[in-house]
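Work through the exercises below with the sequence and the model at hand. Each task is followed by its solution.

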Amino acid sequence: MASAPTPSPAALPIRRLTPRDLRACADLSEDRGWPREEHKWGLLLAAGTGYGIDDPEGGLVTACVVTEYGPAGRPDLGAIGMMLVAERYACQGIGRRLMRHVVSEMGTTPLTLHATPYGRPLYEELGFKVTGRAEMVRGHFTAGGPEPAVSTRPATAEDLTTILRLDEEVFGTDRTPMLARLPAFADQLRVAEESGRIIGYTAAWPNMDDHVVGPLIARDTQTAKALITSLAARTDRPLRTDIDVRHEDLLAWVKERGLASIAFNSVMTYGISELPGDWTRRYAPLTVAAG
């Protein structure tokens with residue numbers, strides 16, 4: 001008796017993912033040669049909305065996550081990340097179909113994403129425009145030279161309201177549902193102060209063997225340097241972060257301290273000409289998958 005034919009990928013339904021899909025998402029990452037990144041997937045699936053297509057033979061054909069920022073029900077911005085298609089379904093238009101679905105679902109909400117050189121042509125085809133670049137750097141941070149003359153300390157629960165207010169001012173919209181998870185998600189959450197006033201904050205969260213630095217919000221480059229230095233002093237892991245290339249001084253400084261360039265991503269937007277907020281104080285995202 002002949003077995004039933006496998007349905008065409010074009011006929012398989014797109015559904016919402018939930019935190020129960022964490023393992024399948026991590027398996028999909030591994031299938032494409034990415035790290036499993038279960039810690040990051042867990043955050044994104046909890047704070048954002050996942051979309052995917054089930055493989056009839058098990059696992060996922062494709063997946064991505066959208067993180068919405070701003071008022072609930074009428075977001076100001078949606079960040080798309082973790083767009084993946086299983087190797088056995090590559091080059092069949094699956095990613096294009098999922099992205100079109102997500103763009104349609106988001107309606108008039110402006111969108112942003114970080115694109116690899118491989119993914120950029122698809123996003124351009126769908127109407128996304130390149131509005132910036134970020135450089136990924138990684139390595140063991142080596143202290144040296146004069147220490148930045150900015151005071152830093154661990155963040156406390158009482159700081160969260162101030163951090164959220166500063167972040168909204170710099171990022172351009174409210175990220176409370178995501179940032180409220182930072183104290184539990186990150187291994188370190190630190191603030192920079194001047195005269196008792198918080199002028200920047202950052203976190204270091206575990207990702208495989210690294211500590212990822214992000215978000216990094218700071219009044220100026222000296223403050224950003226002080227925050228990175230304070231994180232590095234409290235971990236033996238390599239640091240990794242994605243710095244807006246317009247922050248040339250900070251990039252040169254981290255490279256002098258032992259971090260090396262790994263890759264460049266294009267920052268792309270859809271429905272807006274550039275990201276909201278103040279880029280001069282926005283040094284690095286929480287993760288490129290969530291902005």
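**Exercise 1.** How many cavities of 30 Å³ or more does the structure hold?

*Solution.* The model is a predicted one, in which local features need pLDDT of at least 70 and side-chain atom pairs count only at pLDDT 80 or more, while totals for chains, interfaces and linings use all residues. Residues are numbered from 1 along each chain as its sequence is written, and side-chain values use heavy atoms, with hydrogens and water left out.

Step 1: the structure holds 1 cavity of that size, 30 Å³ or more. A cavity is a set of points, on a 1 Å grid over the protein atoms alone, where a 1.4 Å probe fits but cannot get out; lining residues have an atom within 4 Å of a point.

Step 2: the space in the largest cavity is about 40 Å³. A volume is the space filled by probe spheres set on the points, which are joined across faces, edges and corners.

Step 3: the residues lining the largest cavity include Phe141, Pro146, Glu147, Thr229, Trp253 and Arg257. Sorted by class, this lining has 5 nonpolar, 3 polar and 2 charged residues (Ala, Val, Leu, Ile, Met, Phe, Trp, Tyr, Cys and Pro count as nonpolar, Asp, Glu, Lys and Arg as charged, the others, Gly among them, as polar).

**Exercise 2.** State how helix H8 and helix H9 pack.

*Solution.* Step 1: H8 spans residues 221–232 and H9 residues 248–256 (helices are DSSP runs of H or I, at least four residues, and strands runs of E, at least two, numbered from the N terminus).

Step 2: their axes are 10 Å apart, at an angle of about 30°. Axes are lines fitted to C-alpha atoms over the stretch in contact, and angles run from 0 to 180 degrees between N-to-C directions.

Step 3: H8 and H9 are therefore roughly parallel to each other (angles under 35 degrees count as such).

Step 4: the contact (heavy atoms within 4.5 Å) involves Thr221, Ala224, Lys225, Ile228 and Thr229 of H8, and Asp249, Leu250, Trp253 and Val254 of H9. By class it has 5 nonpolar, 2 polar and 2 charged residues.

**Exercise 3.** Describe the largest pocket.

*Solution.* Step 1: about 1200 Å³ of space lies in it. A pocket is an open set of grid points with protein on both sides within 12 Å along at least five of seven lines.

Step 2: 46 residues line the largest pocket, and Trp34, Met83, Leu84, Thr116 and Tyr118 are the closest to its centre.

Step 3: strand E4 (residues 77–85) gives the most to this lining, 6 residues.

Conventions: Parallel < 35°, antiparallel > 145°, perpendicular 65-115°, else oblique.
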